[in-house]
Amino acid sequence: MDNDWKFTFGHAKESSKDLFYKIHNDFSKTKAKGINFSSIQYDDSTWLQIDLPHDWAVALPFSKEASCSHGYKTLGVDFPQTSIGWYRKKFMVEATDSDKRFEIQFDGIFRDAHIWINGMYLGNYQSGYMGVKYDITDFIDFKNENVITVRVDATQAEGWFYEGAGIYRHVWLNIFDNLYTPTEDVYIQTKSIGTNSEILTEIVVKNQYLTEKTFYLEYKILDRNKKVVTEATSDVFRIQPNGKLFLSKQLSINNSSLWDTDNPYLYTLVTKIVSNNETLEELHTRFGIRTFRYEPDGFYLNNKRVQIKGVCVHQDHAGIGTALLDEIQYYRINLLKEMGANAYRSAHNPPTPELLQACDSLGMLVMNETRLLNSGSEYLTQFENLIKRDRNHACIFMWCIGNEEELIQTTITGKRIAQTLITKQHELDPSRTSTYGGNVGNKKEGVNEVIPVRGFNYNLYGLEDYKNQNPNQPIIGTEVGSTVSTRGIYIPENEINKIEHFNGVFVADTVHAYLLDQDYSYTNWASRAEQWLNQTFFDERFMGGFVWTGFDYRGEPTPFSFPNINSHFGVMDVCGFPKNIYYYYKSWWSDKDVLHIAPHWNIDAQPNQLVKVWVYSNADEIELFLNGKSLGKKMMPKLGHLIWEVKYQKGILKAVGLKNGQKIQSSVATTGKPTKIILTPHKKSLKVGNQDALVVNVCVVDKKGLEVPNANGLIHFNLLGDAQIIGVGNGDPSSHEKDTFGKNEIIQRKLFNGKCQVIIRSGKTKTPIQLQAFSQGLNNATITILQQ
Ligand code: GAL
């Protein structure tokens with residue numbers, strides 16, 4: 001149900017500018033009298049035509065008066081005219097389906113949504129992160145068009161980071177039989193692993209026919225190639241009208257392949273409900289065969305200790321905010337895998353289901369986090385729904401019941417709430433455990449008295465004492481590291497003394513709030529990358545940790561404020577372009593050869609000015625050469641980096657490393673002026689149907705073809721064919737340029753330190769598209785992409 005919606009702004013304070021909401025929101029009868037915003041007859045022809053996912057905040061202006069948490073976008077009580085969004089979607093339902101059940105499912109709306117169908121109210125859903133679904137069987141019109149209306153109120157923030165606004169995840173119309181299994185009522189657990197593995201399936205069958213029914217279940221397990229590897233049939237059961245049956249069955253799989261991060265092997269359980277020789281329902285559930293153990297000496301996946309090399313991530317991306325097409329989830333997870341990360345923490349909220357699908361398929365462990373440490377019915381239900389929605393995902397290895405609840409985390413209240421949530425988790429998913437992101441140093445009071453796996457948010461000074469005092473409690477780093485840096489910002493060594501010391505961090509440019517792109521600066525509650533990794537990497541009593549954060553995100557511009565609008569915590573920027581510490585993590589986390597030199601050699605330095613050259617590598621020893629002359633050989637310290645103080649001369653700086661006796665090398669070179677634009681798409685073709693995405697990375701090269709790392713020119717884009725540029729970005733944390741463009745606007749973006757990015761959404765016809773890029777004085781670039 002993602003395509004062809006209508007959208008318009010309402011108003012948080014004036015009903016007349018809010019489609020007369022509150023005046024026409026008539027609860028006196030089930031169906032509103034006359035025509036209002038929720039009736040099929042309502043005229044929405046002047047509204048904007050949009051496709052989901054949709055985040056209206058991306059296109060809003062920046063304002064100094066707006067919340068820094070939301071990236072200074074004009075949302076909130078002071079911006080009533082841009083904080084309410086109205087959506088309408090018309091659809092037909094086949095008359096032949098009139099004996100079926102219907103459900104409308106929203107995977108995520110930010111936030112506080114009121115929902116109607118055909119003028120009748122369905123309900124209000126507050127959470128901006130958990131989805132909601134409504135049974136709409138009774139309301140469907142099989143002869144005429146139906147209309148779903150949604151009023152979204154993004155006035156109230158939930159987090160202290162950018163959260164977007166609108167229906168930013170998928171919407172589904174689920175059609176099923178009256179004898180059925182709700183998707184969240186299938187639960188598959190691995191019971192044992194070996195040549196033959198055992199799984200336990202638990203399934204609830206509901207009968208919404210008006211008569212008693214008899215049925216049986218047919219189980220089939222398909223392997224990766226859709227080949228049936230196990231089959232079974234249940235007994236025959238009788239079920240009363242409005243009845244519910246809980247059925248479990250153990251199934252074994254011969255010669256099974258296990259799921260892990262290197263080989264994320266997935267099976268599909270196909271469950272058929274058969275009644276009177278007719279298949280009424282067929283449910284497909286993907287799962288992986290694997291076991292988890294959480295021990296004081298680490299986390300075990302399939303009985304092997306796996307070090308958690310994790311990143312915390314918020315959900316927005318350059319150009320598109322929180323409205324990520326599924327392909328962008330895969331793009332981002334692939335970038336993290338390439339760096340060597342094996343785990344993802346969805347900070348501080350439930351992720352979209354497609355993120356979990358990407359992690360299942362690509363082999364990325366996930367710590368799945370509920371929004372608040374709260375056992376009141378609103379949040380307990382969110383937690384329950386989260387576990388039931390997600391527990392079949394192979395990738396999830398742990399639940400997180402909350403984060404830094406400073407006022408209750410060390411109290412008896414915190415302890416009781418945690419206990420209630422943990423008990424609920426064990427009831428709904430006994431195959432996993434929970435942790436909590438506490439910033440309490442070595443204290444074991446409140447939540448930490450009952451939490452099965454102790455989470456450390458920073459404060460690692462307390463780790464040694466805590467371990468000694470609690471030898472039986474497994475420990476994980478729920479938030480670690482937290483270098484703040486800006487991609488591509490480098491200055492010569494003697495100018496570093498001149499840079500302003502601001503809140504404990506090195507600032508290269510106070511106007512634009514740019515930090516050095518080195519592992520120098522960190523917030524005073526956290527640590528640098530090298531500090532936490534050195535403290536914990538070989539510590540068996542620490543499962544590993546989640547770096548704050550994998551990518552920069554909008555909002556939380558710590559340690560700055562306006563005009564700085566996004567965070568600096570990322571190992572990569574908002575586009576997913578690596579910063580310098582990316583290569584540090586990759587050196588020690590991945591098994592790939594890494595040899596990376598920073599800064600780039602276009603650094604603004606005078607001849608003979610001292611430049612500190614950092615080399616990140618997992619080679620054993622490295623020799624650096626400037627224009628062919630050796631600057632000396634050094635041994636690479638484990639988990640460290642090497643520095644050469646180099647008297648700057650233009651030319652080529654080359655590093656040659658020896659890794660296990662093999663030579664590896666890399667270089668940076670002073671380039672000439674940019675002459676040509678280069679467009680690099682992340683794949684060769686798009687799938688038609690409006691739901692695929694293409695990331696095109698943009699850079700410029702000199703006449704020798706060398707990428708110019710400090711180019712900052714403006715690039716114009718033009719897209720020919722049936723597809724759309726839905727966003728542009730460049731990773732500049734203080735850019736106030738537009739991310740999205742209207743139909744007749746010129747699409748443009750400046751390069752930021754040599755790079756920018758364009759995101760294209762596929763169209764509906766199978767014709768090739770062409771992306772053109774122009775910049776004054778440079779050769780244009782054109783790429784053609786097939787749509788299939
Ligand atoms: C943590 C918090 C994160 C983020 C981070 C910034 O305390 O849990 O959400 O705010 O600090 O350093």
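Angles under 35 degrees count as roughly parallel, over 145 as roughly antiparallel, 65 to 115 as roughly perpendicular and the rest as oblique. In this predicted model, local features need a pLDDT of at least 70 and side-chain atom pairs count only at pLDDT 80 or more, while totals for chains, interfaces and linings use all residues. Residues are numbered from 1 along each chain as its sequence is written, and side-chain values use heavy atoms, with hydrogens and water left out.

Helix α8 (residues 529-536) and helix α9 (residues 580-589) pack at an angle of about 20°, and their axes are 11 Å apart; α8 and α9 are therefore roughly parallel to each other. Here axes are lines fitted to C-alpha atoms, for helices over the stretch in contact, and angles run from 0 to 180 degrees between N-to-C directions; helices (H or I, at least four residues) and strands (E, at least two) are DSSP runs, numbered from the N terminus. On the α8 side the contact (heavy atoms within 4.5 Å) is made by Ala529, Glu530, Trp532, Leu533 and Asn534, and on the α9 side by Tyr584, Tyr585, Trp588 and Trp589. These residues of α8 and α9 divide into seven nonpolar, one polar and one charged, where Ala, Val, Leu, Ile, Met, Phe, Trp, Tyr, Cys and Pro count as nonpolar, Asp, Glu, Lys and Arg as charged, and the others, Gly among them, as polar.

Helix α3 (residues 377-390) and helix α4 (residues 412-428) pack at an angle of about 30°, with axes 10 Å apart, and are therefore roughly parallel to each other. Their crossing is right-handed, and the contact involves Leu380, Phe383, Glu384, Ile387 and Lys388 of α3 together with Thr420, Leu421, Lys424, Gln425 and Leu428 of α4. By class, the contact of α3 with α4 has five nonpolar, two polar and three charged residues.

## A barrel and an open sheet

Eight strands with parallel pairing close into a barrel in the order β24-β25-β26-β27-β28-β29-β30-β34, where two strands pair if DSSP finds at least two bridges between them.

An open sheet of four strands, paired in the antiparallel sense, has the order β42-β44-β48-β46, and its edge strands, β42 (676-681) and β46 (723-729), each pair on one side only. Strands β44 (residues 693-701) and β48 (residues 756-762) share six bridges, and Val696 stands opposite Val758 in β48. Across β44 and β48 lies helix α1 (residues 326-339), which runs at about 50° to β44.

## A salt bridge and some details of the backbone

The whole structure holds 37 salt bridges, each being a side-chain nitrogen of Lys or Arg within 4 Å of a carboxyl oxygen of Asp or Glu. In one of them the side chains of Asp18 and Arg151 meet (2.6 Å, N to O); Asp18 lies in the loop between β1 (5-9) and β2 (48-50) and Arg151 in strand β9 (residues 146-153), so the pair ties together parts that are 133 residues apart in sequence.

Phe20, which lies in the loop between β1 and β2, has a positive phi of about 60° although it is not a glycine. The peptide bond from Trp548 to Thr549 is cis, with omega near -5°, and another cis peptide bond joins Thr558 and Pro559, with omega about 5°.

Key:
Left-handed = near helix turned anticlockwise from the far one by under 90°.
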